[in-house]
Amino acid sequence: MTNLNEIVNLLCTQASWKGFPQVRRYLREKPTRAGIRALAEIPSRREIADRPDFPARLFRIAVAGSRSTENLRDAIAVQCLDRGLFCEQYHAPFGQFSQEIRTANSGLYQFKPDVVVLLPHPSNYLPSNSALNQSAAEELIETLGTELSILREKFDGPILVGNFLAPEPRPLGILDSKQDLGVADFYRYANYALSQRLRQQPAVFVLDLAHFSSFGAVPWSTLHQGQYLAGYGVPDQLATHLARDIAAAGAALKGFTRKCLVVDLDNTLWGGIVGEDGVAGLQIGGSFPGNVYAALQREIRALLNRGVLLAVNSKNNEEDVRAVFETRKEMVLKWADFAAVRVNWADKVTNLREIAQEMNIGLDSLVVLDDNAAEREWIETACPEVYVIPESDPLEMLRALSVTRLFDSLSITAEDRLRMASYTAMESRKRQQADNADLGEFLHGLQLTVEIGAPSGAQLGRVAQLTQKTNQFNLTTRRYSEDRLRQLLGTGEWEVFYCSCHDRFAEEGIVGVAVVHKRGVEWVIDTFLLSCRVLGRGVEQALLWWICGRAEREGASHIIGEFVPSSKNGQTETFYSANGFSKLPADNACLRHRLDLPVREDRWPAWITDGGSSVSVEKEIAR
């Protein structure tokens with residue numbers, strides 16, 4: 001049994017991922033309600049706030065519901081711990097849903113949350129004797145939409161809105177479906193209309209309570225005891241599922257989204273052991289359990305299609321493994337689908353560290369799927385940053401992946417779908433670099449083209465996503481939602497720039513972002529970041545000197561570059577000084593650097609060409 005005091009001690013004394021795997025183990029042991037409460041209270045301990053990484057892990061959530069939401073507190077706190085976050089919560093008083101939104105100085109706004117969760121109930125908007133028809137459903141959504149608009153005027157972060165749980169009573173019984181809009185159809189239509197309405201609004205998302213109730217072992221969605229004992233709107237059985245989605249939004253917003261699924265092979269991607277059963281003896285597709293392994297592979301491919309990277313970490317002979325991919329037609333996944341492969345007899349922890357290094361991502365970006373319980377425990381112990389899915393049975397692995405929120409982001413962009421091609425191209429570049437002893441010759445041979453400019457409306461989502469996901473080459477780690485960026489741009493005092501690139505191996509899409517605050521003749525680079533997969537090719541220098549040229553053109557006399565240290569961005573500490581900026585006195589945790597304009601010498605990387613792209617006009621400015 002996992003010791004709760006040990007968890008408390010680790011979380012209170014270690015400024016790292018130590019303690020978080022123990023949280024997950026404790027939860028798997030199905031603790032009592034008192035144990036859950038003790039776990040949920042850990043984030044409020046004074047020692048937690050003393051952790052150096054506390055600001056990076058702090059997630060503030062405001063919850064407002066038509067009914068009481070107090071039964072969600074512990075579940076939200078615990079699911080945030082599962083994701084490495086410490087949450088602080090504000091729950092609106094009972095029955096004050098609309099008042100909290102409409103009152104400018106309400107507790108919700110004073111709390112200054114990162115995310116707002118709304119759990120409306122139709123009874124708030126429809127008279128008790130209202131007919132359940134299409135008109136009533138549309139009125140319900142229109143009124144709720146008005147309140148969302150009011151909230152959006154005062155709050156620029158993500159908003160999560162719970163949809164509606166259909167009540168169990170069906171007075172007409174089997175004839176309910178014969179009505180123009182019976183009880184069941186009314187709630188289906190209302191939920192569809194809500195989804196359509198929210199789709200039009202940036203950074204507003206559905207919390208699909210109706211979906212949760214379908215697999216959450218909920219005997220009564222609305223006629224549950226908690227509604228009558230304490231006025232709870234959501235049954236206790238749904239609390240964990242709801243909290244998991246809320247924690248996923250927090251992880252995405254705070255840069256804790258996982259990026260890569262690392263899979264074992266034997267008894268994980270297929271049934272059997274290739275070294276013992278042979279290629280032909282493996283269970284893939286067909287009847288049980290081979291059909292489960294095929295379904296698991298389809299689920300993994302769906303993750304790949306949305307931009308999740310895949311890697312293999314298996315104790316095997318590579319020749320045997322390749323034969324499976326080449327000859328078993330039932331394989332849904334192909335060898336080329338994996339961005340990194342370690343098939344050998346080395347320790348799996350060593351392999352994981354190599355995989356992370358090869359892909360230029362942190363260990364805290366990895367999720368491991370492995371049927372071997374001993375390997376899983378060793379990985380969790382040696383690499384607490386890695387998230388290990390705790391299942392051995394193929395059906396349980398399939399279920400875990402089908403509902404996982406570990407890879408959730410607040411948007412999916414074209415760049416997400418380009419990511420696998422980008423890592424494949426990275427291998428091609430490495431081979432070319434190995435063939436070129438001269439670095440300059442290698443860089444010129446890439447035929448690198450960079451495009452820099454102000455993002456269009458369609459591109460702003462990707463820009464916001466990069467501020468939320470990029471941790472390593474990110475000089476200030478300031479997170480921005482798409483709506484917040486729009487607000488900044490609307491002031492006329494801020495500029496947002498994107499940087500995209502491609503070379504002869506791959507189209508990378510938007511990989512860099514700069515957010516600049518214009519203060520008269522002083523331009524302050526508030527945010528400067530670049531995806532790690534394009535580092536080392538001069539793209540960061542191109543973006544910096546493009547900004548300098550733009551600032552000079554608009555009459556700025558100097559530029560201030562800011563650096564705020566975090567646990568992951570140490571490599572960027574000398575970026576400004578290495579590029580000719582002079583260090584200024586520190587302002588609290590913010591290190592500031594200054595560059596006077598104009599810049600006389602041409603600092604645009606010589607190997608980066610315009611290639612006929614839109615950067616050519618602006619490149620002349622930078623020069």
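1. Are Phe 186 and Tyr 187 buried or exposed? Both Phe 186 and Tyr 187 are buried, where buried means under 20% relative accessible area, exposed over 50% and partly exposed in between (1.4 Å probe, protein chains only).

2. Some ground rules come before the rest. This is a predicted model, in which local features need pLDDT of at least 70 and side-chain atom pairs count only at pLDDT 80 or more, while totals for chains, interfaces and linings use all residues. Residues are numbered from 1 along each chain as its sequence is written, and side-chain values use heavy atoms, with hydrogens and water left out.

3. On confidence, the average pLDDT of the chain is 90, and 93% of the residues score at least 70; pLDDT is the predictor's confidence in each residue, from 0 to 100. Residues 610-623 stay under 50, and the model has 28 contacts for them beyond four places in sequence (contact means heavy atoms within 4.5 Å). Where pLDDT is low, the predicted coordinates should not be read in detail.

4. Aromatic rings come next. Rings of Phe, Tyr and Trp (its six-membered ring) pair if their centres lie within 6.5 Å; planes under 30 degrees apart count as stacked, over 60 as edge-to-face and the rest as tilted. The rule gives 14 aromatic pairs. One of them joins Phe 186 and Tyr 187 edge-to-face, at 5.2 Å centre to centre with 80° between the planes.

5. Trp 17, Phe 20, Phe 54, Phe 86 and Phe 256 are linked into a cluster by ring pairs. The charged end of Arg 57 sits over the ring of Trp 17, 4.5 Å from its centre. Lys 568 likewise places its charged end over the ring of Phe 256, 5.9 Å from the centre. A charge sits over a ring if NZ of Lys or CZ of Arg is within 6 Å of the ring centre and within 35 degrees of the ring normal.

6. The largest nonpolar core has 49 residues, of which Ile 61, Ile 76, Val 117, Leu 242 and Ile 246 touch the most other members. Such a core is a set of buried Ala, Val, Leu, Ile, Met, Phe, Trp, Tyr and Cys residues joined through side-chain atoms within 4.5 Å. Helix α13 (residues 236-254) gives the most to this core, 10 residues. Helices (H or I, at least four residues) and strands (E, at least two) are DSSP runs, numbered from the N terminus. A second, separate core of 37 residues includes Ile 452, Phe 473, Cys 499 and Leu 530.

7. Phe 59 lies in strand β1 (residues 58-65) and is buried, with a relative accessible area of 0%. Leaving out residues up to four places away in sequence, Phe 59 touches several residues, among them Phe 86, Val 115 and Ile 246.

8. Gly 512 lies in strand β13 (residues 507-519) and counts as buried at 0% relative accessibility. Beyond four places in sequence, the residues touched by Gly 512 include Leu 466, Cys 499 and Leu 530. Gly 512 and Leu 466 are 46 residues apart along the chain, and their C-alpha atoms are separated by 7.7 Å.

9. In helix α16 (residues 318-327), Val 321, Val 324 and Phe 325 are buried. The face turned away from the buried side of α16 carries the exposed residues Glu 319 and Glu 326. The cover over the buried residues of α16 includes α14 (274-277) and β8 (340-344).
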